[in-house]
Amino acid sequence: MLKLTHNQGSSVVVKSFLPTHQGRLDEEHDCLINLQTLVPLVPKIIGKSDDGTALLLSPVGHPFSAMPQSGKLVPCGNDFLQLIEILKKVHAMGFVHRDVRLYNFFRHPTTKKVSLCQLFLSPISSYQTGVSE
């Protein structure tokens, strides 16, 4: 992801996709549209590139790292509680996250609020309960 300054002075994040992953971009765009009531727990969608290879998003913070010696952001107990609350809200809206890992969550440096950034979501209805007929 690349962070830029929008022509109106505010920062934006450019999340790019390979041209062969157009479906993935569309899927993430649609999920973000459906989850906009959860902003800032998820990034606000600002737009999509004309060529369909990038999303413009509001910045939500810095990614976590599982490696304390890396000098990157390491989560604390409160971060995990926030992470659980975000997942509960996303689930309540009918989505399940398919890739829960630390680097898919960011923490804002000032507010210390955690946000879900990588949206590997699917509608809950697409998952089977294991009950066969």
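Cys117 is buried, at 4% relative accessibility, while Cys76 is partly exposed, with a relative accessible area of 39%. Here buried means under 20% relative accessible area, exposed means over 50%, and partly exposed is in between (1.4 Å probe, protein chains only).

Next, go to helix H2, residues 77-92. Helices are DSSP runs of H or I with at least four residues, strands are runs of E with at least two, and both are numbered from the N terminus. With 16 residues at 1.5 Å each, H2 should span 22 Å, and its end C-alpha atoms sit 23 Å apart, which agrees; the expected span is 1.5 Å times one less than the number of residues. Which residues of H2 are buried? They are Asp79, Gln82, Leu83, Ile86 and Val90. An α-helix has 3.6 residues a turn, so residues three or four places apart point the same way. On the face turned away from the buried side you'll find exposed Leu81 and Ala92. Just after H2, Gly94 takes a positive phi of about 95 degrees.

Last stop: Thr53, in the loop between strand S3 (45-48) and strand S4 (54-57). Thr53 is buried, with a relative accessible area of 18%. Leaving aside residues up to four places away in sequence, Thr53 touches Lys15, Ser16, Phe17, Pro19 and Leu25, where contact means heavy atoms within 4.5 Å.

Residues are numbered from 1 along each chain as its sequence is written, and side-chain values use heavy atoms, leaving out hydrogens and water. As the model is predicted, local features need pLDDT of at least 70 and side-chain atom pairs count only at pLDDT 80 or more, whereas totals for chains, interfaces and linings use all residues.
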